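Trainee: Could you walk me through this one before I set anything up?
Mentor: Gladly, have a look at it here.

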Amino acid sequence: MNLVNSQRRLVLRRTALTVALIAGLAGGADVLAQSNASGVIFGRTDTAAGTTIHLENVDTGFSRDLTPGSDGRYRASSLPIGRYRVALQHDGKTVDTRDNVEVQVNTGTDVSFASSVNAQNLEGVAVVANALPAIDVSSVDSRTVLTAEQLQKVPVARNITAAALLAPGTVAGDSRYGNVASFGGASAAENQYYINGYAVTNSLTGIGLSQLPFDAIDQQQVYIGGYGAEYGRSTGGVVNIITKRGTNTWKAGAQVLWTPGFARQNPRSVYLPSDGSLYQYRGKNNSDTQQYSAYVSGPLIKDRLFFYATGDFTRQIGRTTNSIAAGTDQNYDSKATRWLGKIDWNITDSHILEFTGFGDKTEEHDQVYAYDYDTLKKGNFLGSYDLKNYDGGAGATPGGNFYIGKYTGYITDNLTINALYGESKSEHVQNPTSASGATCPLVSGTYTNAAGDVLRPPACYLLGSLLSPGANDKTKGWRLDVEYHLGDHDVRVGVDNQTLKSFSGTSYENNQRFIYTVAPATGLIPSRPDVAFAPGTLNYVDYRVFSAAAKVKVEQEAQFIEDRWQITDRWLAILGLRNEQFKNFNGNGDVYVKQRHQLAPRLGVSWDVFGDSSLKVYANAGRYHLAVPANVAIRGASAQLYSSQYGTFTGINADGSPQGFTPNGGTYFLNGANNVSPDPRTVAAKGLGAYYQDEYILGFDKQLGNNYTFGAKVIYRKLRNIIDDMCDARPFEKYAARNNIDISNATISGCYLFNPGKNNTFLVDTGGGNFQEFKLTKDDFVTPEGVGFPDLKRKYYALDMYMEHQFTDRWYGKLEYVFSRSYGNSEGLLKSDIGQRDPSVTQDWDAPELMIGSNGPLPNDRTHQLKGYGWFQMNEQWLFGANLAILSGRPKNCIGASPNDPIQYGESYFYCDGKIAPRGSKGRLPYTYQLDLSAQWTPAFANHQLAFTADVFNVTGKQRVTSQSEYGNTDVGVADPDYQRPLSFQTPRYLRLGARWDFSL
């Protein structure tokens, strides 16, 4: 949609497992392996009467006792992450122990005691005293686990996205979406984010997530692919965060971080490539940032009840000089307040309760002044605006308060139950106030004066586009999963419901936009046959009105069953099946899309080649689904107004509005948006297929001696089906003519949700409430000129190779290279080519002509990626860290007006310089190189409780272009002066200084 520019056969005992399975298949939902906030310890020992395995968390006192099976195997699932002591006991006496056993999120750790076993069980890594971890032969996915220790020792910006970008196959998303990432070639709206098991993804669009105090992260798990049946609603990646918790030791600490403005490198100014003129002066666009953090944790009741609380407050004060088109200078004061509190109650060693609450609130106050580009000086005060949990552009800061409760029950040695409930609420505010008290229209484009000079009109708008008052998001969800150990099988079943509600929408500031354009010599506008200016007309203006707001809802449900089958000592198979259901509601509370029984099989196999966890070969195959995002209902299924009126003018007012506006041609409703709610039955194709992707992984990991591990894997992803909108009435006219259907009084919606490249059936009101099915074939979408929709294409393949040195000899390091390609004719939910922020309703599939030349490398394609990070512990007092990223540039396009523009979209086609300009045919942006360095001093005189830190980001100071304007022709053969104008650069070099004090109470 175009807008200012979505086993073995199992023998199950008739126990609670059966009840849970039946309930799951009947009820509906996304449950996580042994809950996605815990891990597993397992192993084997010699069988003997009276043998017991005793596990104890050394920090909290939590313990479990297990009796090995007849084959000597044991497995303790759903363990809170942390450090454990594992003891082998006979008749109550300890005969052997393993200390410092680290349990990581969703990871199995093998602790075997029998000397004859030699860690041949394929369920994890062997742990012998303090030995380095062996390869995890139990996993078949592509994951990176980052611990709190790593995040403290490696220079990285203090947010979840920055940490996720350490993982291979991740790249920064388009800057117009905010601070978000693309995983495995998918769009930035196709990821899922969890904190302590609860989804914190932006509930309206899926772009971005709610943050938490960075120091609250205990472990951050980043999945690029291959995740099991417990995960869904993602065709990109999954980020799973486990927060810190209290222990039996009272601890506290505080930290101050300062990023001084005087030590920041000045950002590059922006010049127009067309004539070299200055477009945006950024020489003084700088800021000063301070962050204050503190935490306290400890036992309220030793071994039973624990408390952890932390918070941070960040303030940034700075200046932004905007483009010559806006002609403004802004002083901003941004504040971010984040907090987290966690209670852990070990009621008994068999029953655990957790409660987590956290909040994320961002506020910004901007003062806007006029800016004179002739003198490069600030002018008169124009007004101010306030933002809350909104960034004014991408809106990718959902924020809000979250409350999560979780229960874990170890019912027997073989039966474990996890249950979780959570809810959240976030409010969003965008409130402008002009100096005069009046609001100004959004103004853009250029015009020609009598002397032939091309000028930009004056403008006094503050934001251009306004968020609807009262905008808010709410979520609630619950999960239940049951795990049962039966012989060689560990079977899990789960159910999860999540409901997302939002009230949101936008409109133009002052509800108006004026687009000034130099008129063609003929006076004819190919995209508007009803418009005919007199030959010689210098300029015309497109007067537009846009507003759309609605209260919308999405209900998401899923059930899964998964079996981890230990086929032999060296072979492990993971067999899973996920069943998902999605239901979307419009602004009137009516269902307009419903999808049931979306089956997603998952299969993984791991082979411990030598039986000693030194070489693993693994493979994985799976299918992954996405729901239609909630935002689609606002613009696609609810009332909206989007009108266009062409005309001439005699002059321009100080606010940029035209004087003497004389209409030419009629009022045109773009996409049919005439402020009337469409019938929910007619919004989408009947039986709309879900958005889904298939993925395949094949890889190996190999140990080299005691210190090194290396490996490689290949990943292949193919997007099989998407949901987007089509805004073209011609297929309906063609079908009606072929079937003798009178549509002279028909109500044909402006846009319809459909499955591109396939047959689709629509319900159309042909007049007077007489609804008829229009069974459109692929041929019906073919235009008289022979242009039809191509088959959907988005493919991603990657070769990922890595080398890792465990922390020995005073240093740790990891180096990873990824060769990948992401190509096709659709990015997916987004259209980064133009920064369109309407997931699942992009302009791509609005008409067949828009897809001409659309096949090629996609915006998130980075062919070569080299990443490395690590640290060197010089001595007890000094530690040095480094983080390196080298990535090839983004593909470049030229998007312009086409001589064949049946839906009047103007500059929206892969057509430039009078010919088709295929996607990616304009080369690539340059490579980006970034090196970050850090130093940390923990002086001995303070017993290493006090630390001073210094981090330098982008040491070399390179500021290469990372995205640019791809609009090439405003009209056929008429060059756009903004073409190839840089939109974003690498972040300039900056310094971060810090002091941290950690102590025990």
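Mentor: This is a predicted model, and I would begin with Trp-339, which counts as partly exposed at 34% relative accessibility.

Trainee: Okay, and how many aromatic pairs does the structure hold?
Mentor: The structure holds 43 aromatic pairs. In one of them Trp-339 is paired with Tyr-403, with 6.5 Å from centre to centre and 50° between the planes, an arrangement that counts as tilted.

Trainee: Where do Trp-339 and Tyr-403 sit in the chain?
Mentor: Trp-339 belongs to strand β21 (residues 328–348) and Tyr-403 to strand β24 (residues 400–410), so that pair links distant parts of the chain, 64 residues apart.

Trainee: Is Tyr-403 buried, exposed or partly exposed?
Mentor: Tyr-403 has a relative accessible area of 36%, and therefore it is partly exposed, because that class runs between 20% and 50%.

Trainee: What about Tyr-927 and Tyr-929, are they stacked or tilted?
Mentor: Tyr-927 and Tyr-929 form a stacked pair, with their centres 6.1 Å apart and 25° between the planes. Tyr-927 is partly exposed at 32% relative accessibility, and Tyr-929 is partly exposed at 31%.

Trainee: Which residues form one aromatic cluster?
Mentor: One such cluster is made up of Tyr-194, Tyr-223, Tyr-227, Tyr-231 and Tyr-624.

Trainee: Switching to charges, which residues gather in a patch of positive charge?
Mentor: On the surface, Lys-474, Lys-476, Lys-501 and Lys-551 come together in such a patch. Among them, Lys-476 is part of strand β31, which spans residues 472–486.

Note on methods:
Residues are numbered from 1 along each chain as its sequence is written. This is a predicted model: local features need pLDDT of at least 70, side-chain atom pairs count only at pLDDT 80 or more; totals for chains, interfaces and linings use all residues. Side-chain values use heavy atoms; hydrogens and water are left out. Patches are made of residues with over 30% relative accessible area and no salt bridge: like charges are joined within 9 Å, nonpolar side chains (Val, Leu, Ile, Met, Phe, Trp, Tyr) within 5 Å. Accessible areas come from the Shrake-Rupley method with a 1.4 Å probe; for residues, only the protein chains shown count as cover. A salt bridge is a side-chain nitrogen of Lys or Arg within 4 Å of a carboxyl oxygen of Asp or Glu. Lys and Arg count as positive and Asp and Glu as negative; His and the chain ends are not counted. The place of a charge is taken as NZ of Lys, CZ of Arg, CG of Asp or CD of Glu. Helices (H or I, at least four residues) and strands (E, at least two) are DSSP runs, numbered from the N terminus. Rings of Phe, Tyr and Trp (its six-membered ring) pair if their centres lie within 6.5 Å; planes under 30 degrees apart count as stacked, over 60 as edge-to-face and the rest as tilted. Buried means under 20% relative accessible area, exposed over 50%, partly exposed in between (1.4 Å probe, protein chains only).
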